[in-house]
Amino acid sequence: MSSLSPKCLNEPGEWQYFLSHVQYESKDIALDTFHSMEKLGRSCWLDVRMDERDEAAMKEGIKNSNIIIVIMSPAYFTRPFCVKELEWAVEYEIPIQVIIDVQLKGEIGNIIGRCPADKAYLKGIGNINFTEVSRANPTFWKASIDSILKAKPKVLTNAGTVKEPNVTNAIIKPRKRITVERAANKYRIERIFNENEIDKDDIKILENESLGTGGFGEVFKAKRAGRICAAKVISTGGLNEMQQRDMFKKFQKEFALMCSTNTCQRVIRVFGVVLQIPGKLVLVMEYAENGSLRKYLNRQAAIDKRLEPSLLQSIIYDIAYGMKELCKKGVHHRDLKADNVLLDHDMIAKVSDFVSSIV
Ligand SMILES: Nc1ncnc2c1ncn2[C@@H]1O[C@H](COP(=O)(O)OP(=O)(O)O)[C@@H](O)[C@H]1O
Ligand SMILES: [Mg+2]
């Protein structure tokens, strides 16, 4: 753990996280978060030069961050700048995550109670799950960072309620300043993408045969060259330009990642992308006839049936095998759940949905 001030902060660009905190109370947590995130290749906006504060710069910082991490502490709501940062996060609908030193967890009610009366809607922050962190030792800190990475940020509204962000979590945009390695990777992704485009006339998406919906898109049955496949359709119609760009990058990333796992036995195979349908991005993949494991379990529960032990065993084996294959390819799935495990016509389970995955 480090408490050194970072040499260079907040170059122009975009940041994945904005760290909002009261310096004299939370400086160490803020700096350790900054350094740990940097090590993981994630960028943070962090203000350490309080006396040189420039309101416009802070506002830009919030506006250009994907997530604002509020490091909650006793004086947070008594600092006008912290309150302003929260107000901007509400105004620009930037998803918020809250972290708190584990030693302060008993004080959350009092802390929120200090919110200025004329900004009572900011008390809605209490509806977001607070992630407890501890700098007591490196192991606790590592666990804290893992929890921060897993936490689901929420958008706070000016009515004091919270809602899901438009573009889901893991909204990980690269910085504008990219290294040579990142540029090469970007080129690789773009090439894979262009080489696998499917003409929109070569596929028929059966729009009345929805297979399921997730946080990212809706999946339909589709026909291509006489064979049934599945088409994950992501609508970009209602999004603003920046959100569309983000969505496109996520889509590109999911596809490139799936291409790299196409030889895996227990991972859903991808066939290509359709890019010519206005307002839509389509990822074409193998069709899993028996749908998601979640739906299968629900269907069984509805008829009061338990899973056959042999089937249960084979599903567990398949998932473990699929995860091992991903691990060999260096892929961290990061969203393994029954919704993201699909069952083919032979009830072979395959891991799917790489929206949240990283290599
Ligand atoms: N290849 C497929 N075959 C059959 N059903 C699928 C397929 N892919 C997805 N689904 C269904 O659609 C749902 C959402 O797909 P998913 O890829 O997880 O989307 P999201 O990224 O939005 O969560 C799944 O839970 C599953 O029920
Ligand atoms: Mg899913």
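Visitor: In what order do the five strands of the antiparallel open sheet stand?
Guide: This is a predicted model, where local features need pLDDT of at least 70 and side-chain atom pairs count only at pLDDT 80 or more, while totals for chains, interfaces and linings use all residues. Residues are numbered from 1 along each chain as its sequence is written, and chains are lettered from A and ligands numbered from 1 in the order in which they are written. Strands and helices are DSSP runs numbered from the N terminus (strands: E, at least two residues; helices: H or I, at least four). With two strands counted as paired if DSSP finds at least two bridges between them, the order is S8-S9-S10-S12-S11.

Visitor: Which strands form the edges of that sheet?
Guide: Neighbouring strands are turned by 30° against each other on average, direction ignored. An edge strand pairs on one side only, and that describes strand S8 (203–213) and strand S11 (270–274).

Visitor: In S12, what is the bridge partner of Val233?
Guide: Strand S10 (residues 227–235) runs antiparallel to strand S12 (residues 280–285), with six bridges joining them. Within S12, Val233 has as its bridge partner Val282.

Visitor: What angle does the direction of helix H7 make with that of S12?
Guide: Helix H7 (residues 241–260) packs on the sheet and touches S10, S11 and S12 (contact: C-beta atoms, placed from the backbone, within 7 Å). Axes are lines fitted to C-alpha atoms, for helices over the stretch in contact, and angles between N-to-C directions run from 0 to 180 degrees. For H7 and S12 the angle is about 10°.

Visitor: How is S4 placed, largely enclosed or open, and how many of its residues are buried?
Guide: Ile96, Val98 and Ile100 point one way from S4, and Gln97, Ile99 and Asp101 point the other way. A residue is buried if 20 or more other C-beta atoms, placed from the backbone, lie within 10 Å of its own, exposed if 12 or fewer, and partly exposed in between. S4 is largely enclosed by the rest of the structure because its buried residues number six of the six.

Visitor: Which residue of S5 is the bridge partner of Ile99?
Guide: Strand S4 (residues 96–101) and S5 run parallel, joined by four bridges. Val98 has Phe130 as its partner in S5, and for Ile99 it is Thr131.

Visitor: What handedness does the crossover from S3 through H3 to S4 have?
Guide: S3 and S4 run parallel with five bridges between them, and Val70 stands opposite Val98 in S4. A crossover is right-handed if, with the strands pointing away from the viewer, the path from the first strand over the helix to the second runs clockwise. This β-α-β crossover is right-handed.

Visitor: How far apart in space are Ile96 and Val70, C-alpha to C-alpha?
Guide: Ile96 lies in strand S4 and has 24 other C-beta atoms within 10 Å. Leaving aside neighbours within four places in sequence, its contacts include Ile68, Val70 and Ala89. Although 26 residues separate Ile96 and Val70 in sequence, their distance in space is 7.1 Å.

Visitor: How does H2 lie relative to H3, oblique or roughly parallel?
Guide: Helix H2 (residues 55–63) and H3 pack with axes 9 Å apart, at an angle of about 40°. Angles under 35 degrees count as roughly parallel, over 145 as roughly antiparallel, 65 to 115 as roughly perpendicular and the rest as oblique. That makes the arrangement of H2 to H3 oblique.

Visitor: What is the phi of Asp353?
Guide: Most residues other than glycine have a negative phi. Asp353 follows strand S14 (349–351) and is buried, with 24 other C-beta atoms within 10 Å. Its phi is positive, near 65°.

Conventions:
Contact = placed C-beta atoms within 7 Å.
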